[in-house]
2 protein chains.
Amino acid sequence: MFTKDIYTARRQKLQAGVGNGLVILPGNEEIGMNYRHNTYHFRQDSTFLYYTGINRPGLVYILDIDNNKEIILGNEPTIDDIVWTGPLETLQQQADKAGITQSGPLSALQPLLDKALSAGQTIHFTPPYRADTTAQLSGWLQIPYAQVNSRASVTLIKAIVAQRAIKSAEELAEIEKGVNTTAAMQLAAITGARPGSSEIEVAGKLQGIAISAGGNLSFPTILTVNGQILHNHFSETIMQEGQMALCDCGAETAMRYAGDLTRTFPVGKRFTDTQREVHDIVLQAQLAAIAALKPGVLFRDVHFIACEQLVDGLKGLGLMQGDTKEAVAAGAHTLFFQCGLGHMLGLDVHDMENLGEAYVGYTDDLKKSTEFGLKSLRLGRALEPGFVVTIEPGVYVIPELIDMWQAKNHLPQFINYNKVNAFRNFGGIRIEDDFVITGTGSRLLGNPLAKTWQEMEALK
Amino acid sequence: MFTKDIYTARRQKLQAGVGNGLVILPGNEEIGMNYRHNTYHFRQDSTFLYYTGINRPGLVYILDIDNNKEIILGNEPTIDDIVWTGPLETLQQQADKAGITQSGPLSALQPLLDKALSAGQTIHFTPPYRADTTAQLSGWLQIPYAQVNSRASVTLIKAIVAQRAIKSAEELAEIEKGVNTTAAMQLAAITGARPGSSEIEVAGKLQGIAISAGGNLSFPTILTVNGQILHNHFSETIMQEGQMALCDCGAETAMRYAGDLTRTFPVGKRFTDTQREVHDIVLQAQLAAIAALKPGVLFRDVHFIACEQLVDGLKGLGLMQGDTKEAVAAGAHTLFFQCGLGHMLGLDVHDMENLGEAYVGYTDDLKKSTEFGLKSLRLGRALEPGFVVTIEPGVYVIPELIDMWQAKNHLPQFINYNKVNAFRNFGGIRIEDDFVITGTGSRLLGNPLAKTWQEMEALK
């Protein structure tokens, strides 16, 4: 945990940001994998963690702004719990560390909410992403289950996003810890991937490293020789000489701050010449995007800078043609780069995603595009000092997509389909690092990790 | 997957076992860790897997016994899914492998259930253990959310338990795969635990091994120098010379059959003399229990055999005294062995736990005791050929429990409190292996793993 002053200041800022009403932040519960008591590893809700630091299931935090009161509710460990799970801190001991002076049993929650409802207080909550939280809010607040999500408080969402988007020095230090563990995972992947090893074998080791560092994975690992399949994770596939492996992985620290890095490297000792060329193209796109990071710049424009670099590179290979800016404006690059350049990073790997992209990545004035490619850009708004973002351009050659485009002869002025078809089994390359926006530009988070094809080949 | 004949035969047997009505088996859904799309690893419901073998979220299996029809419902992959996740089998292709000839979209579910409800068919479902399944059943069947659990079908539960309790040859082969991966995890723990290493460091490696073998953990790993705390998992605790580490871990295979083994071993190269003596006592209890395994014997009686062995051993150490059988009858052994001797093992590590211990571990005639100790015995009923069980006696010295008993001078005729207090920081030892009940006795599942203190010291 951070110091109690940090949590107290965060909650005071939240109180000021929301202005009035009553805020209810339910923490997460344990969830059964295949029966109730065989649970997944416990993951606290990130917003609950941000304001309380308490990493324990079964809690609810209430901030009654109208009456200037706060309380944390949960059940105390019983003597049975102590026999079975050892000595435990009381809830108040945990609350004290967050500067919350009042605690009580869960049974106090319903009367408290009933009183707030009958007094006509506005109740603020965030959109739930788990069914158990939805059921709880439905019961507590007498809202039909299907309507809970739509009754979430935009005022609360905006106040939370305004705070969590700007990372403090101590948060940056935690994220860097997560990034450095992630870098250790990447090194294990680069050195561990060999002709004859399986994807699962390497992916297993990476999760082991994340857990051994005191946290866990920040998201399910992607480790695949089919890097062009964007949401592929890992399988029993045996990796072969001549293939590239794409590894997109992340550790979260014990405090649940995330790292997120991607490298694409040869399974054997060397890339092929073509793989080296495309890797260089992606690297140039990443470097151009990084150079453009500074406060005030729209991240959407940084995305376009990367897209233009990709198009220039792909023109060099003969896969694309025509005017670069016109090609990007027409979306021709999305045959190879179907997704967005990056996203915010923090307590969530897609930071605050459950609060809604419209508030996290965009603003009331800058709405997300619905076009193919741009609809997958999670972040578009102007950068501010303290934002933490990933920069992760890529080139993905997806046979099914080529066939779809070619069938309707889509954008032939920019796409050289003959050349592209010769490339249809190329695969995919992505390069990703994490950055904080500073007062004048950006700073790489974590220790530098091998990135050029030369540096990665040197590790094999 | 097994062959389609196996799944077809299982469903035919289910149909005969339930007799009439309509059975609905919802598969599991993806669950968000910290936002909707950042999911835990997918774990299919074990009963759904038992009857269909299909390891994919978002499906519902319907067996309409009254009309002798079956269908599997779920949404087909879209072209977007294929672009993002690669070529996917259709639902009917997957269903075919299980011998299910009819499939349809999820939108067909509600009309089908409405028709069954209005025709007055009995709808059978098992008690849900996840909130999203509860909410689904509540909506589909028009049952208030809070009443779903109590409306589960005892007929269906009993029919499923009767089938799943008896493991076939191909299931035993899968369980043995899981046990052998678990043994590899144990070897890594025994050799990896060293003075100066942390619990998380070793625990992380074990999860890596389980994933690398193509499955995952069958339950959250217990790896701790505080083995007396029964539900301790692992922490950043640094292990020290002179301590013992207790490792209770399991792998599940790609088909989701579980292994479950426990070893307790020295952190350094050798046990102390006292640790060796207590380890021998636990081992003798385990061997006595194993020798007693055969069809027709109540598992509760096997439990008592182990308890008596433990008491005999503890009397030898001077910790207990008096007549052994009387001591066990009075529950005096529960100061050191607070839990049960074992449980069924299969697609769940506590097999079928969500179906209810009253049906899985006990019968209408043999109910579970509510006494301390026995209330934690998950299995009591008569053994049958094909049952797979764990045998896991232990000695756990829990200071808080000693203090509670001594404060009320509980059973002083059997407990030598002076001696016990000298032992209060001893810790805990458990030894666990997995067995199938054969026609005449039992058979160890998996390859033998180092078990005596001599064998374990030899590995250090």
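How many residues of chain B are in contact with chain A? There are 65 of them, and they meet 65 residues of chain A; contact means heavy atoms within 4.5 Å. The model is predicted, so local features need pLDDT of at least 70 and side-chain atom pairs count only at pLDDT 80 or more, while totals for chains, interfaces and linings use all residues. Residues are numbered from 1 along each chain as its sequence is written, chains are lettered from A and ligands numbered from 1 in the order in which they are written, and side-chain values use heavy atoms, with hydrogens and water left out.

Between chain B and chain A, about 5,100 Å² is buried, and carbon and sulfur atoms give 62% of that area. Buried area is the accessible area (1.4 Å probe) that two parts lose on being put together, summed over both. Of the area that chain B buries against chain A, Tyr35(B), Tyr40(B) and Trp84(B) supply 16%, more than any other three residues. The count of polar contacts between the two chains is 21 residue pairs, both residues at pLDDT 80 or more. A polar contact is a pair of N or O atoms within 3.5 Å; within protein, one must be able to donate a hydrogen and the other to accept it, and residues adjacent in sequence count only if both atoms are side-chain atoms. Several elements of chain B each supply at least two residues to the side that touches chain A, among them β2 (32–35), α3 (79–85) and α9 (199–212). Helices (H or I, at least four residues) and strands (E, at least two) are DSSP runs, numbered from the N terminus. α9(B) gives the most to this side of chain B, with eight residues.

Chain B also holds an open sheet of three strands in the order β9-β10-β12, with antiparallel pairing; two strands pair if DSSP finds at least two bridges between them. Its edge strands are β9 (222–224) and β12 (261–266) of chain B. Strand β10 (residues 244–249) of chain B pairs with β12(B) over six bridges, and Met244(B) stands opposite Pro266(B) in β12(B). Helix α8 (residues 169–192) of chain B packs on the sheet and touches β9, β10 and β12 of chain B.

In chain A, Glu171(A) forms a salt bridge with Arg10(A), with the closest N and O atoms 3.6 Å apart. The term means a side-chain nitrogen of Lys or Arg within 4 Å of a carboxyl oxygen of Asp or Glu. Glu171(A) lies in helix α8 of chain A and Arg10(A) in helix α1 of chain A, so the pair ties together parts that are 161 residues apart in sequence.

Methods
Axes fitted to C-alpha atoms, helices over the stretch in contact; angles between N-to-C directions.
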